[in-house]
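Biologist: Hi! Could you walk me through the holes and the charged pairs in this one?

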Amino acid sequence: MTIGVDLQEETRAFNDALRALTETLPPIETLPVELVRRGRYEEGGIFPPPQFVDEARWVDIPSRGGSLRARVISPEGEVRGVYLHIHGGGWSIGAADQQDVLLQLLAREAQLVVASLEYRLAPEHPFPAAPDDCEDAAVWLLDRGAEELGAPCALAIGGESAGAHLSALTLLRLRDLHGTSDPFGAVNFVYGAFDLGGTPSRRRAADSLVLTDSNMRWFTENFLPGLDDEQRRDAAISPLYADLSGLPPAHFTIGTADPLLDDSLFMAARWEAAGNDADLRVYADGIHGFNAFPTGLALAANTAQIEFLRDAF
């Protein structure tokens, strides 16, 4: 995506400042996972601490692994459907209540009830726990969940990083195991990981911001312990290698400085080749997680996502 000179200068200056901050912090893979999870709620980390909105509420969702929770934010006025949001965090960290402000904006502007799923995390719950939870939440929405949330059964799904990966697996499971993905009219893939064996752009991750080669390996080992790269490319794990036919329109968000760049480029090409609509947005100098920061580049990307989800209904 072409951006103005001023925005590119702001993005590069922000990246330089973030690099300086990152150099003062220990790598997350050297810390206990519980400490990393708690740190996401505190000042002093890479990401801004979350802000909570008053109207957000928790709902319980039945699942094969026990009761799940989703954090729900509803729009004012007309409700056009439900957006099942799957948070990122390398299948190991992150939580459903860490993006309230952005999800509130999405709910209001796209007129969707947003349900952000609190799925089970690795390493305590490795594959297939998280995909199972996402599948169960999607089936619940199809069966009765949308009605319980006060919304029509017009659905979209999406998420960031690991959440984009889990969104793709959920659509594939709905199609292959339940015979339907039709109610999901759109999918929002934000810098997703689609080849867990690693795409070529991951080779530069040693010098990347937010997502490095060492913590990527830590995340993947948490989620898929004991599997080598080829085993991780099984289509049930890495959706890049799956049959992608019969799936909804997809919006892809990726930055050129993200080590998962090729995941989105390859997945968007295969998505379109399979006969689906693919809207690929590539943002110059965008790092992994760039839309979570208060920058002009983040505003551009988040606005495009909201417009895509609004137009899908």
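Predicted model: local features only at pLDDT ≥ 70, side-chain atom pairs only at ≥ 80, totals over all residues.

Biologist: Great. How many salt bridges does a search of the whole structure find?

Modeller: The search finds 21, where a salt bridge is a side-chain nitrogen of Lys or Arg within 4 Å of a carboxyl oxygen of Asp or Glu.

Biologist: What does Asp285 pair with?

Modeller: With Arg12, at 2.9 Å from N to O. Asp285 sits in the loop between β8 (278–283) and α8 (296–312) and Arg12 in helix α1 (residues 5–22), so the pair ties together parts that are 273 residues apart in sequence. Helices (H or I, at least four residues) and strands (E, at least two) are DSSP runs, numbered from the N terminus.

Biologist: And is Asp285 buried or exposed?

Modeller: Asp285 counts as buried, at 17% relative accessibility, while Arg12 is partly exposed at 45%. Buried means under 20% relative accessible area, exposed over 50%, and partly exposed in between (1.4 Å probe, protein chains only).

Biologist: Which residue forms a salt bridge with Glu135?

Modeller: That is Arg64, with the closest N and O atoms 3.1 Å apart. Glu135 belongs to helix α4 (residues 129–148) and Arg64 to the loop between β1 (57–61) and β2 (68–73), so this pair ties together parts that are 71 residues apart in sequence. Glu135 counts as buried because its relative accessibility is 5%. Salt bridges that share partners join Arg64, Asp132, Glu135, Asp136 and Arg173 into one network.

Biologist: Now the cavities. How many are there of 30 Å³ or more?

Modeller: There are two. On a 1 Å grid over the protein atoms alone, a cavity is a set of points where a 1.4 Å probe fits but cannot get out, and a pocket is an open set with protein on both sides within 12 Å along at least five of seven lines; lining residues have an atom within 4 Å of a point. Grid points are joined across faces, edges and corners, and a volume is the space filled by probe spheres set on the points.

Biologist: What volume does the largest cavity have?

Modeller: About 70 Å³. Its lining includes Tyr83, His85, Glu160 and Asn302, and β3 (81–86), α3 (100–110) and α8 each give two or more residues.

Biologist: Which residues line the second largest cavity?

Modeller: Asp285 is one of them, along with others including Phe14, Ile287 and Phe290. The volume of this second largest cavity is about 50 Å³, and α1 gives the most to the lining, with three residues.

Biologist: Last one: what is the volume of the second largest pocket?

Modeller: About 220 Å³. Of the 13 residues lining this pocket, the closest to its centre are Gly197, Gly198, Arg202, Arg217 and Asp229.

Technical notes:
Residues numbered from 1 in each chain as written. Heavy atoms only, no water.
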